[in-house]
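Reader: I have a new structure open and would like to learn how to read it. Could we go through it together, step by step?

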Amino acid sequence: MDSREQPAPDRPAGEGGAREMGERLDQAGHSAEHAWSRTRERFTDVRDTVDLRGRVERNPYGTLAAALGVGYVLGGGLFTPLTGRIVGLGLRIGLRLAVLPLLTDEIATIAESLRDGATGRRREAAPGDTESDKPT
Amino acid sequence: MEIAHEIEETAREIGARVRPQIENAKRRISSMNEQVTDYIKENPGKCVLGAIALGFVIGKIARR
């Protein structure tokens, strides 16, 4: 790597310099080839890991939505009021979907117990006893 | 009784009139979905890059 290296005294300076230059060029060529092949390998690895075609094949809309999200984040839209609104809406819908079945179950149980209570009271009441039907 | 019968008849008529339109719309939407899906599958890189660009623009607009 030392470019100030002196040529050997027993051979002409031009010949040694040319040979050295040729060797260096050869080495540079090899290094470039090696780097290129390694880059290509890495690129292939990344492509295999991402597997864009497979992903798109399996779930085209999901992949596009994910790409849209990546672009949105890259565009700096993550910490904005719009994100807050979208997240809030999603949470609200999710909560509603999760809570609604529980609520309907509870209401059904309450209605059932009320109905059972009313039926029991009617059964307890004697046929001639009108006072027992009145709410207390 | 007569009114109930009339209402039922009207509902049936409306149903018969609307059903083909609904079927047609369903068929068109299904065909459109197929076309879009095929296009995405044929050009995955272009579509993904386009989606990223669109998201980027939306993010920029939201940031303002």
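Author: Gladly! Keep in mind that this is a predicted model. We can begin with burial: buried residues make up 7% of the 136 residues in chain A.

Reader: What elements does chain A have, and how do they run from the N terminus on?

Author: Chain A has four helices and zero strands. From the N terminus on, its elements run α-α-α-α.

Reader: How should I read the place where chain A touches chain B?

Author: In general, the size of an interface is often given as the accessible area lost when the parts come together. Here we can count residues instead: 20 residues of chain A are in contact with 19 residues of chain B. On the chain A side, helix H2 (52–58) and helix H3 (60–74) are the elements that give two or more residues. The largest share, eleven residues, comes from H3(A). By type, that side of chain A divides into eleven nonpolar, seven polar and two charged residues.

Reader: Then let's look at H3(A). How many residues does H3(A) have, and which of them are buried?

Author: A general idea first: an α-helix has 3.6 residues a turn, so residues three or four places apart point the same way. H3(A) has 15 residues and reaches 21 Å from its first C-alpha to its last, close to the 21 Å expected at 1.5 Å a residue. Its buried residues are A:Thr63, A:Leu64, A:Ala67, A:Leu68, A:Gly71 and A:Tyr72.

Reader: What do the buried residues of H3(A) pack against?

Author: They pack against H2 of chain A, together with helix H1 (2–42) and helix H2 (44–63) of chain B.

Reader: How do I describe the way two helices pack?

Author: Two packed helices are described by the angle between their axes and the distance between the axes. For H3(A) and H2(B), the axes come within 6 Å and cross at roughly 40°. The two helices are therefore oblique to each other, and their crossing is right-handed.

Reader: Which residues make this contact?

Author: From H3(A), they include A:Leu64, A:Ala67, A:Leu68, A:Gly71 and A:Tyr72. From H2(B), they include B:Val48, B:Ala51, B:Ile52, B:Gly55 and B:Phe56. The residues of this contact divide into 15 nonpolar, five polar and no charged.

How values were computed:
Residues are numbered from 1 along each chain as its sequence is written. Chains are lettered from A and ligands numbered from 1 in the order in which they are written. This is a predicted model: local features need pLDDT of at least 70, side-chain atom pairs count only at pLDDT 80 or more; totals for chains, interfaces and linings use all residues. Two residues are in contact if their C-beta atoms, placed from the backbone, lie within 7 Å. Ala, Val, Leu, Ile, Met, Phe, Trp, Tyr, Cys and Pro count as nonpolar, Asp, Glu, Lys and Arg as charged, and the others, Gly among them, as polar. A residue is buried if 20 or more other C-beta atoms lie within 10 Å of its own, exposed if 12 or fewer, and partly exposed in between; C-beta atoms are placed from the backbone. The expected span of a helix is 1.5 Å times one less than its number of residues. Axes are lines fitted to C-alpha atoms, for helices over the stretch in contact, and angles run from 0 to 180 degrees between N-to-C directions. Angles under 35 degrees count as roughly parallel, over 145 as roughly antiparallel, 65 to 115 as roughly perpendicular and the rest as oblique. A crossing is left-handed if the near helix is turned anticlockwise from the far one by less than a right angle, and right-handed if clockwise.
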